[in-house]
Amino acid sequence: MQNLDELYAVIKERQKNPQKGSYTDYLFGKGLDKILKKFGEESTEVIVAAKNENKPRGDDELVYESADLLYHLCVLWAEKGVTVDQIKEELAKREGLMSEFKDRPEIQDL
Ligand SMILES: N=c1c2ncn([C@@H]3O[C@H](COP(=O)(O)OP(=O)(O)OP(=O)(O)O)[C@@H](O)[C@H]3O)c2ncn1[C@@H]1O[C@H](COP(=O)(O)O)[C@@H](O)[C@H]1O
């Protein structure tokens, strides 16, 4: 079992202590452009998985590609010095914003 915190912690550990044969090390070694390229590719694969009828992994295709995308996003956060806790804090701030949004009169009419 690996949640996002655990995955991010392993990625940070690889960044601090490179391990031979690690794909994460390979990405850090290549640098930001490669990480961004992979993130772009994986995003496209999520889109295709969501809309394609022809799914090599059946209904799990979107789940599989989403996990790839989340992994590459975690590598990108680590490369840019962003933490999972910062993302959680940002999401938490929006809880308040969303309830204000729902109270707006134009939203009530929808
Ligand atoms: N969650 C992942 C994960 N998801 C996807 N991937 C890798 O992402 C790559 C994406 O596949 P592609 O075919 O698109 O890329 P590729 O052809 O292998 O590589 P490129 O030549 O395109 O750069 C695959 O090599 C996958 O193994 C991951 N690699 C590692 N992890 C986790 O990261 C942690 C550290 O792993 P290591 O870095 O391998 O030690 C572990 O907890 C792993 O479970």
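**Confidence**

I looked up pLDDT, the predictor's confidence in each residue, from 0 to 100. The protein chain has a mean pLDDT of 90, with 92% of its residues at 70 or more. This is a predicted model, so I read local features only at pLDDT of at least 70 and side-chain atom pairs only at 80 or more, while totals for chains, interfaces and linings use all residues. Residues are numbered from 1 along each chain as its sequence is written. Helices here are DSSP runs (H or I, at least four residues), numbered from the N terminus. Confidence is lowest in helix α6 (residues 105-108), at a mean of 72, and highest in α2, at 98. The model scores ipTM 0.91 and pTM 0.88.

**α3 against α4**

I checked how helix α3 (residues 32-51) packs on α4: the angle is about 160° and the axes are 9 Å apart. Axes are lines fitted to C-alpha atoms over the stretch in contact, and angles run from 0 to 180 degrees between N-to-C directions. The pair is therefore roughly antiparallel (angles over 145 degrees). I counted contacts as C-beta atoms, placed from the backbone, within 7 Å. Among them, Leu-32, Ile-35 and Phe-39 are on the α3 side, and Leu-62, Leu-69 and Leu-73 on the α4 side.

Key
Helix = DSSP H or I, 4+ residues; strand = E, 2+ residues; numbered from the N terminus. Parallel < 35°, antiparallel > 145°, perpendicular 65-115°, else oblique. Contact = placed C-beta atoms within 7 Å.
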